[in-house]
Amino acid sequence: MKTAPLTFRRTSLAVKFGLMVMAGTSLVFAAAFIYNHALSRRSILRNAEINASNLAGATVGRIEAVLNGVEKIPCYMALCLEQRTWAREDLTAFISNGLAANPDIFGSTVAFEPYTFDPHSRFFAPYCYHQGTDIRQIWLGSDQYQYFNWDWYILPKELQRSVWSEPFFDEGGGNILMTTYSVPFYRLLNGQRQFQGIVTADIALDWLVNMVASVSYLKTGYAFLISQSGVFVTHPDKRLIMRQSIFDVAEGANDAHLRQVGQAMVHGDTGFVRLESPFFGKPAWLYYAPLKSPGWSLGVLFPEDELFADAQRMGRNILLIGLAGFVILFLIIVLISATVTRPIRALARTTADIARGNLDIKLPLVKSHDEVGELSFAFDNMRVALKEYIAGLTEATAARERLESELKIARTIQMSFLPKHFPPFPEQAEFDLFARLEPAKQVGGDLYDFFLLDDQHLFFSIGDVSDKGVPAALFMAVTKTLMKGIAMQGGLDPASVLEHVNLELCKENDSLMFVTVFCALLNFRTGELVYSNAGHNPPLIRRADGQPEELPLPKGIILGAIEEARYTTASLTLHADDMLVLYTDGVTEAMNPSQDLYSLERLRETVNGVSDQNPKTIVDAIFQSVTTYAAGAPQSDDITVLALHYNGTSSPIR
Amino acid sequence: MQIIIAKKAPAIILSIYGHFNAAATAEFERIFNQHLDAGERHFVLNLAEMTFISSAGLCSILATAKKIKERDGNIVICALQGEALKVFEISGFAALFSFYPTEAAALKQV
């Protein structure tokens with residue numbers, strides 16, 4: 001048996017299964033991870049906003065508490081100034097005392113409109129300020145410093161309300177960051193409220209700077225403060241303070257979004273926004289809230305990566321744990337699969353052996369009652385069935401070969417006993433003879449024979465053994481040999497020849513075989529034909545001027561049936577161009593595919609249809625006609641035809 | 001060919017339908033051997049519906065008859081007619097068997 005070698009190397013089922021499960025779980029894990037990550041990001045962001053808002057709120061509260069405290073002093077002073085007219089000394093003492101009671105305030109002035117306090121003096125603005133532990137006093141106002149043209153004076157005057165000034169550096173007083181709270185005060189003159197001047201309180205903002213600087217968020221997050229105009233009041237980067245505004249930064253970074261944010265801050269809004277890169281060089285989040293009274297805005301700024309650092313670290317850890325889990329999971333699956341598929345692999349190895357023809361191999365025992373067990377069981381059944389089938393097939397093949405070889409032997413026996421040289425007697429001009437036997441596949445045991453008994457007698461015969469195969473062929477051979485032997489010993493009477501042959505055949509005929517025989521003796525000098533028959537089909541005779549007719553036959557039983565059988569001889573005379581056609585029932589009983597018989601009628605028509613006098617022509621015509629009629633239907637019996645044409649007695653008797 | 005088997009004591013009656021040619025002999029002999037082996041000894045062959053018999057068919061009947069005789073049984077033929085009867089006569093088989101016109105007549109003689 002030829003089988004393809006099992007050389008293809010494939011990924012094992014276990015690994016394949018593991019990979020598939022891994023792919024599935026990875027997808028689920030990845031989806032869960034991404035969802036969780038997004039969720040935690042959102043939650044972190046919300047927490048950050050709350051924290052930052054708390055932080056900013058607290059800082060704003062603290063700053064405003066201080067500022068509100070500061071605001072009260074000049075407001076109180078303005079109120080006092082409006083109540084009565086003050087003497088110069090009283091006023092300076094009033095300012096100086098107020099300053100002494102409020103160390104938070106760096107300096108304070110009461111600046112009057114020109115010529116209001118003193119109709120002769122254009123400037124009247126005593127300014128007291130802390131100098132170490134002392135309180136000093138100077139007079140503001142000169143041609144160089146016309147205070148009533150400065151913002152701290154004009155703005156509250158015009159707006160008619162208290163105003164916090166933009167922060168500024170006090171260059172005279174120690175170069176510290178200051179801001180001024182200016183409160184306008186009025187007097188009722190002639191029932192009219194008339195502007196008198198401005199009370200101010202300068203406060204140093206170093207505490208503010210420190211307070212805001214102390215605010216930190218996450219690792220590098222910080223707080224900063226911008227003024228009404230967006231200028232940085234506090235910022236960890238000192239270079240920005242009082243020099244640049246948030247809009248300058250936006251301009252420098254060409255960041256429109258930051259500009260909008262700056263506007264919102266200056267406008268006094270509250271918000272939580274993501275900024276691209278202007279402060280940290282990387283994305284950051286900003287929470288901002290206003291300081292109501294001075295109109296400033298506090299921002300809490302922190303880089304995004306710090307915000308998500310924990311989440312990212314956690315995500316990385318989860319990923320690592322997941323990865324390790326996957327590796328372990330994969331190993332477990334491979335292990336389990338390998339256990340499950342072990343019997344299959346064993347089965348595959350065994351099957352390869354079976355394929356090579358080793359059907360006695362024992363299949364690996366699979367005890368489990370699962371699919372693998374079933375498969376193994378089915379394989380074993382298949383192996384046994386295959387073994388039986390092959391054994392059966394071998395036997396059948398041997399039997400068929402034996403039968404075929406027997407049939408070949410039978411055919412050889414049959415054919416080797418037949419005379420096959422035509423024309424058989426070329427020197428005899430009185431007759432022409434031709435015979436042909438076509439054995440069926442199973443060999444029917446037909447026979448024909450002809451030989452000269454002397455210089456004027458031709459003995460010829462045709463027969464059919466009632467069995468098939470080797471026994472029939474042997475029986476045919478025996479019959480033919482007996483008949484020839486007996487006829488050669490002076491058998492000029494066909495009936496007597498048949499009786500002798502019958503007697504011999506009946507002896508020891510245990511196999512119950514019979515043979516039909518028609519035999520005849522032709523005196524070709526005279527044309528006299530004597531013949532006898534043992535159960536054979538009547539031959540056809542076609543007279544020179546007539547239709548083919550069945551030869552009238554004497555009764556005679558088949559040879560080999562009963563010892564006492566008696567046969568009789570009949571006779572007739574052949575004339576020139578008479579034709580005798582002897583045949584076996586293989587001709588008339590040949591069948592077409594619909595199992596109709598060829599029949600005697602068709603044989604007669606065929607014989608009648610051939611005008612040629614050559615016996616070979618007529619024999620060939622009959623075979624041709626039968627073959628055409630059978631149209632491929634298998635030949636079930638031997639077909640034999642012997643034709644004899646009598647040429648007449650024209651030649652002289654020797 | 002079809003063979004109808006009927007038992008009418010003391011004989012087995014086999015009725016043959018259709019063509020009795022070489023192809024049918026195996027079946028015919030198998031049925032006969034079966035009944036012989038079962039102990040039956042008397043047979044009637046009803047050939048009324050047999051449309052054709054070949055020499056192989058004749059030989060099969062003859063061989064069977066010989067076997068029956070060896071075992072001291074007998075076989076008779078009934079209702080043979082037409083072409084089939086002619087075949088029996090020409091082949092000389094007519095001399096070897098007893099023929100009866102009807103099944104009933106045959107049954108009386110077995």
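Tutor: First, a term. A crossing is left-handed if the near helix is turned anticlockwise from the far one by less than a right angle, and right-handed if it is turned clockwise. Keep in mind that this is a predicted model.

Now the pair itself. Find helix α8 of chain A, residues 309-355, and helix α9 of chain A, residues 371-416. Their axes come within 10 Å and cross at roughly 15°. Angles under 35 degrees count as roughly parallel. So α8(A) is roughly parallel to α9(A). The handedness comes next: α8(A) passes α9(A) in a left-handed crossing.

Which residues of the two helices meet? From α8(A) come A:V340, A:P343, A:I344, A:L347, A:T351 and A:I354. From α9(A) come A:V372, A:L375, A:S376, A:F379 and A:R383. By class, this contact has eight nonpolar residues, two polar and one charged.

Follow the chain on from α9. In the loop between α9 and β14 (431-438) of chain A sits A:P423. The peptide bond from A:F422 to A:P423 is cis, with omega near -5°. Most peptide bonds are trans.

Take α1 (22-37) and α2 (55-70) of chain B. The axes of α1(B) and α2(B) come within 9 Å and cross at roughly 15°. That makes α1(B) roughly parallel to α2(B). Here α1(B) passes α2(B) in a right-handed crossing. On the α1(B) side, the contact includes B:F28, B:F32 and B:L36. On the α2(B) side, it includes B:S60, B:T64 and B:I68. The contact divides into seven nonpolar, four polar and two charged residues.

16 residues of chain B are in contact with 17 residues of chain A. The elements that give two or more residues to the chain B side are α1, α2 and α3 (82-91) of chain B. α2(B) gives the most, with six residues. By class, that side has 10 nonpolar, five polar and one charged residues.

Chain B has a cis bond too. The peptide bond from B:A9 to B:P10 is cis, with omega near 5°. B:P10 lies in the loop between β1 (2-8) and β2 (11-20) of chain B.

Back to chain A, now for a helix on a sheet. The sheet is open and has five strands, in the order β15-β16-β17-β18-β21, with antiparallel pairing. β15 (446-452) and β21 (570-573) stand at the edges, each with a single partner strand, so one side of each has no neighbour in the sheet. Neighbouring strands are turned by 15° against each other on average, direction ignored. Inside the sheet, nine bridges join β16 (residues 457-465) to β17 (residues 515-523) of chain A. Helix α10 (residues 469-488) of chain A lies across β15, β16 and β17, running at about 20° to β15(A).

Another strand to trace is β6(A), residues 176-189. 12 bridges join β6(A) to β7(A), residues 192-204, and the two run antiparallel. A:L189 stands opposite A:Q192 in β7(A). Two residues lie between the strands of this hairpin, and A:N190 takes a positive phi near 55°. Three bridges join β5(A), residues 168-170, to β6(A). There A:F169 stands opposite A:L177. Two bridges join β4(A), residues 163-164, to β6(A). In that pairing, the partner of A:V163 is A:S182.

Most residues other than glycine have a negative phi. Phi of A:Y115 is near 65°. A:Y115 is in the loop between β1 (105-112) and β2 of chain A. A:Y115 has 12 C-beta neighbours inside 10 Å, so A:Y115 counts as exposed. Phi of A:S599 is near 80°. A:S599 lies in helix α13 (residues 599-609) of chain A. With 15 C-beta neighbours inside 10 Å, A:S599 counts as partly exposed.

Key:
Residues are numbered from 1 along each chain as its sequence is written. Chains are lettered from A and ligands numbered from 1 in the order in which they are written. This is a predicted model: local features need pLDDT of at least 70, side-chain atom pairs count only at pLDDT 80 or more; totals for chains, interfaces and linings use all residues. Two strands pair if DSSP finds at least two bridges between them. Helices (H or I, at least four residues) and strands (E, at least two) are DSSP runs, numbered from the N terminus. Axes are lines fitted to C-alpha atoms, for helices over the stretch in contact, and angles run from 0 to 180 degrees between N-to-C directions. Two residues are in contact if their C-beta atoms, placed from the backbone, lie within 7 Å. Ala, Val, Leu, Ile, Met, Phe, Trp, Tyr, Cys and Pro count as nonpolar, Asp, Glu, Lys and Arg as charged, and the others, Gly among them, as polar. Angles under 35 degrees count as roughly parallel, over 145 as roughly antiparallel, 65 to 115 as roughly perpendicular and the rest as oblique. A residue is buried if 20 or more other C-beta atoms lie within 10 Å of its own, exposed if 12 or fewer, and partly exposed in between; C-beta atoms are placed from the backbone.
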